[in-house]
Amino acid sequence: MILFRHPEERDIAFYYTGKLADHKAAAIFANEVVIDETAALHISEFFWTMVDCSINCTKEKKYPWPDGAEFWNEKILTSLSGSLERLGFIDIWDDVVDKQ
Amino acid sequence: MEQFKTLCDLQELIKEYELILMRPTPQLSHPTLYRRRDAARDDLIIKGVRVKDWFLSEDHKWVKPHDQMGLSFSSTYKNLKSVYKLKERHNASRAINIYWVLEKADIPAGFKFMEDIMKPGHYFLTVTETMLLSTLVTKLKLLSKRMTVIRDGSKVL
């Protein structure tokens with residue numbers, strides 16, 4: 001189960017699953033699937049795709065949350081990596097980080 | 001003097017003695033305070049303090065203790081690397097420096113580091129007692145002077 005500290009993080013994650021048409025990530029964030037290695041890899045990769053998309057939104061002045069993409073992406077990073085660490089998949093998260 | 005090839009080497013040495021706290025910061029930005037241009041459009045910045053980071057009184061004159069609010073730091077190489085990569089992505093035209101302190105040796109009285117209950121390796125710099133915002137600013141400036149910087153952390157990560 002992915003635990004977000006702030007409700008906005010969850011809202012933003014879902015917003016970008018929609019914007020990126022990533023139904024698998026949406027199902028993971030909705031806790032509709034048990035997180036295994038494949039799901040852990042998927043949301044680790046989704047995070048960085050979401051970051052790139054949010055940076056583009058910011059450039060176009062279309063990022064919907066007034067606190068800004070960098071602030072919220074750092075919060076989401078902490079929640080996602082913390083959840084994956086708790087579930088025993090932090091190595092998958094770290095491998096994806098290494099590829100960035 | 002021994003040269004450290006990577007931040008890992010340094011951390012391996014230091015962790016035998018005490019906690020090391022690291023904060024990636026874009027070039028030209030301050031490690032503990034915010035300039036207006038470093039904040040989001042709607043962020044409230046008072047004397048360099050980003051209001052939403054701290055547990056403040058309603059009139060914003062006092063900062064109060066809170067175990068899960070304050071400035072973010074990393075205590076592990078891996079957590080640092082994640083945050084560093086994110087900062088790099090968001091600040092594509094600027095190098096990212098890494099500022100670090102030793103918990104026991106370097107932090108001013110009235111500060112402490114509290115580990116994030118949701119993420120091992122992520123810490124909040126918090127206050128131990130209610131203090132004036134102006135006192136917080138003075139202490140944050142003092143802390144920044146005690147921090148060591150690794151310029152352009154991409155060379156060591």
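Helices (H or I, at least four residues) and strands (E, at least two) are DSSP runs, numbered from the N terminus.

The model is predicted, and local features need pLDDT of at least 70, side-chain atom pairs count only at pLDDT 80 or more, and totals for chains, interfaces and linings use all residues. Residues are numbered from 1 along each chain as its sequence is written, while chains are lettered from A and ligands numbered from 1 in the order in which they are written.

Strand E8 (residues 122-127) of chain B is largely enclosed by the rest of the structure, because 5 of its 6 residues are buried. A residue is buried if 20 or more other C-beta atoms lie within 10 Å of its own, exposed if 12 or fewer, and partly exposed in between, with C-beta atoms placed from the backbone.

Strand E1 (residues 20-26) of chain B is likewise mostly covered, with 6 of its 7 residues buried. E1(B) pairs with strand E6 (residues 96-102) of chain B in the antiparallel sense over 7 bridges. Pro26(B) has Ile96(B) in E6(B) as its bridge partner.

Chain B as a whole comprises 4 helices and 10 strands. Their pattern along the sequence reads α-β-β-β-β-β-α-β-α-β-β-β-α-β. Of the 157 residues in chain B, 30% are buried. Among contacts in chain B with a separation of 6 or more, 69% are between residues 24 or more positions apart; two residues are in contact if their C-beta atoms, placed from the backbone, lie within 7 Å.

Between the chains, 18 residues of chain B are in contact with 20 residues of chain A. The most on the chain B side comes from helix H2 (residues 77-90), which gives 8 residues. By class, this side of chain B has 10 charged, 5 nonpolar and 3 polar residues. Ala, Val, Leu, Ile, Met, Phe, Trp, Tyr, Cys and Pro count as nonpolar, Asp, Glu, Lys and Arg as charged, and the others, Gly among them, as polar.

Technical notes. Pairing = 2+ DSSP bridges.
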